[in-house]
Amino acid sequence: MLLQISEPGIKPLKPRRIAVGIDLGTTHSLVATVDDQRPKVLEDGQGRVLLPSVVHYRADHTVDVGYEAIAWQNDDPENTFVSVKRYMGRGRDDLPETHNAPYRFADVPGMVQFETRAGTVSPVQISAEILKALRERAIRALGDDIAGAVITVPAYFDDAQRQATKDAAKLAGLEVFRLLNEPTAAAVAYGLDQAAEGVYAVYDLGGGTFDISILKLTRGVFEVLATNGDPALGGDDFDRAVYDWMLREAGISAPNAGDARRLLSAAREAKERLSEQDSAPIIAPLSDGAAVRCTLSRETFDTLTSDLVKRTITPVRKALRDAGLSIEDIKGVVLVGGATRMPCIRKAVADFFQQPPRVDLDPDKVVAIGAALQANALAGNRGDDDWLLLDVIPLSLGIETMGGLTEKIIPRNSTLPLARAQDFTTWKDGQTAMSIHVVQGERELVSECRSLARFELRGIPPMVAGAARVRVTFQVDADGLLSVSAAEQTSGVEAKIEVKPSYGLNDADITRMIEDSYKHARHDIEARRLREQKVEALRLIEATEAALAEDSELLSADELVVIHENMRILKETSDGNDWEAIKKAADALNEASTEFASRRMNHSIRKALAGQKLEELDA
Amino acid sequence: MTPEATRNYFELFQLPPSFQLDLDRLDRRYREIQARVHPDKAAHLSDTEKRLFLQWATLANEAYNTLKRPLDRARYLLRIHGVDTREEDNTAMPPEFLLEQIEWREELQAAVALKSLTALDGLAARLRKEMNSLLGSLATLLDVERRHPAAADVVRQLAFLEKLGRDIDQAQTELEE
């Protein structure tokens, strides 16, 4: 594969900041980077690019990740975690299929947790192990620490699942530049490679998730018009369908955990073979010495999985409708995800869109490559010629109102980032607190939507009932993550907000987990904080210097002196070893350049529109 | 000019404040602004700048969406002219319009009872036509005759129809599931 993104003769002025794109997949994960203007998927020591998303916990609390963990799957299924992405940001009640899983679930509210011989672990920690392995792979391959990462998530992931992914990255010691939707990442890779223009559909069937995104590609802008999907539908379910059929064929009702694992592996192998052949022989030895022997034909496979294939078409239809488009408007359909190698999927997609799908890029790598391209752009390695990604929120956000009903505050498929302010009032004299329950989903009943969090507002000035006007602002950032702020309007008092995530971890949990991982080495935490603050200080100094070089005429002589002085202090402090002092100096410089930053924005927007007007005159 | 201080969305995109709008030009200017203010452009910048970019990009999206959607654009124009559409408390409608509403609702219920996606699609298409004709009269009232209170009446009627459209959409979604 050759991506046409190199610009001969143009070299970045600054030393390149190494940035990686990570595809954190249900069944396998990848890491890619842009090296010498070309995206490249990084290999492990043995030349393999796919890292199986499998984590095994040993008795001594060390972990195996990837192929080493797979080796434990049959013998130690309770402590070997596969497809953990399905559990991210999910409660036990969300996961009806878990009765098949060999894990011991901890009896906890909120996100599921597992009992292992190394203690209780959450899906966030397990995912962090996968991310750590990829981070180490990148450091080994590139010979330097990485400045940051773009991590991909299914477009249809809700806020809790996104937050869980970001938390996992934090635990793995990664600076997250951005969470990027998988189909959007694929569109970036495809669009840049093929210089595509027009409206495209990206059909992304991964190991455990299905996404459909409709994008408009125009001159360096990737605009998502609509997205839809099924967060619990993927290649795994096709394996499961074959597995269930094998049990019926062999007359087995309740296999033990080891046998179940072996049969499932055999089912997956058979499925993969059917992408090349018309029939696949299956031989799976059992623990009692017997073996399951059968032959799976492609016809049988297609019958077993036809409902699953159909389940992908409903979201496709919805996304088209939300985009206000019909099939004729779609210029091309890009297939992403290993599961799209199945002939039944290719046929269903071709039939629905009335055109053969595009398979120019490796469906396993295209997401990681798109993420790497975006990471490189975000790291500031490209300059002004980069592209613009306009993505959307996949599911509506609402708040609970009287009678358990949802009031939508942000409709699905709105372009990010976005904010919505809503006024609330008190209903009791002297009331100083109130609670807002935020849910995500399309249904009218709160109980049928996903609970995201309860926001407890405190510190509202006491007034008579109905007199306070509390303006609550819901802000969703470019990653699709929600934050909430609130202020009482008549007094201007900012309310304190405590967030109680329904399926997530709070900041204290994350801090505890990070500290746990350094349990026996207090100075490691300090060392990490110092390193982080130094990197941050360096970044801030570079950014400020670049801003001054460009726009210092926007400042008066006095203002210039203040910024220079703060910058000098930060430079001096960051040579030392006191992370708190560095942080203070960085905050001071940030504060001192707020007005400057604001003027630069205005200047930049004016310049942009002036350029536009000239172009329109020329046209 | 800070994001909060930008009161006029037309000024932001440097477009004349009228209901009939050059949508291609709006699109281009929106993209040009987002190319400068999107948070992705601030990933390597300071926290202050990150916050500013987020605020600006949020404002640009809000402004673009308001001007792009005809009904929101009309509401916004009326607000600039000091006319409140009072959609929450003013429910006075011409009787023939209300009768029509009842008929639409009955048809929607019938289509849901029949579980007919085709009937729902047909209903949605007719509704779009009806709305387009009202949007046509809105353009005359706002840009030519400048009869703002009359325009506010049409906005209220359109809001009714838009709600009906959302209900049709919801019915389609639920039927497909």
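The structure is a predicted model. Chain A and chain B bury about 4400 Å² between them, and the count over all chains comes to 57 salt bridges. Strand β25 of chain A pairs with strand β22 and with strand β26, and one of its residues, A:R471, also takes part in a salt bridge.

**Strand β25 and its partners**

- Strand β25 of chain A spans residues 470–476 and is mostly covered, with 5 of its 7 residues buried.
- Strand β22 of chain A, residues 418–424, pairs with β25(A) in the antiparallel sense, and 7 bridges join the two.
- Within this pairing, A:V472 of β25(A) stands opposite A:Q422.
- Strand β26 of chain A, residues 482–488, also runs antiparallel to β25(A), again over 7 bridges.
- Here A:L482 in β26(A) stands opposite A:V476.
- The hairpin of β25(A) and β26(A) has 5 residues between the strands, and A:G480 in this hairpin takes a positive phi near 85°.

- The side chains of A:D423 and A:R471 meet in a salt bridge, with an N to O distance of 2.8 Å.
- This pair links distant parts of the chain: A:D423 belongs to strand β22 and A:R471 to strand β25, 48 residues apart.
- A:D423 has a relative accessible area of 36%, so it counts as partly exposed.
- A:R471 has a relative accessible area of 32%, and therefore it is partly exposed.

**The contact between chain A and chain B**

- Chain A contributes 51 residues to the contact, and chain B contributes 44 residues.
- Carbon and sulfur atoms give 50% of the buried area of about 4400 Å².
- In chain A, the residues that lose the most area to chain B are A:R321, A:M601 and A:L609, which together account for 14% of what that side buries.
- There are 8 salt bridges between the two chains.
- A:D386 and B:K41 form a salt bridge, their closest N and O atoms being 3.3 Å apart.
- The interface also holds 18 residue pairs in polar contact.
- Several elements of chain A give two or more residues to the side that touches chain B, among them β14 (210–218), α7 (298–323), β22 and α14 (594–618).
- Helix α14(A) gives the most to that side, with 15 residues.
- By class, the side of chain A that touches chain B has 19 nonpolar, 12 polar and 20 charged residues.

**Salt bridges within each chain**

- A:R568 and A:E572 form a salt bridge, with the closest N and O atoms 2.7 Å apart.
- Both residues lie in helix α12 of chain A (residues 557–575), 4 residues apart, which is about one turn of the helix.
- A:E572 is exposed, with a relative accessible area of 52%, whereas A:R568 is partly exposed, at 39%.
- In chain B, B:R69 forms a salt bridge with B:D72, and the closest N and O atoms are 3.7 Å apart.
- B:R69 is partly exposed at 38% relative accessibility, and B:D72 is also partly exposed, with a relative accessible area of 23%.
- A network of salt bridges in chain A links A:R86, A:D236, A:D237, A:D239, A:R268 and A:K271.

Notes. Residues numbered from 1 in each chain as written. Chains lettered and ligands numbered in written order. Predicted model: local features only at pLDDT ≥ 70, side-chain atom pairs only at ≥ 80, totals over all residues. Heavy atoms only, no water. Buried < 20%, exposed > 50% of the residue type's maximum accessible area, 1.4 Å probe, protein only. Pairing = 2+ DSSP bridges. Contact = heavy atoms within 4.5 Å. Buried area = accessible area lost by both parts, 1.4 Å probe. Salt bridge = Lys/Arg side-chain N within 4 Å of Asp/Glu carboxyl O. Polar contact = N/O pair within 3.5 Å; in protein donor to acceptor, adjacent residues only side chain to side chain. Nonpolar A, V, L, I, M, F, W, Y, C, P; charged D, E, K, R; others polar.
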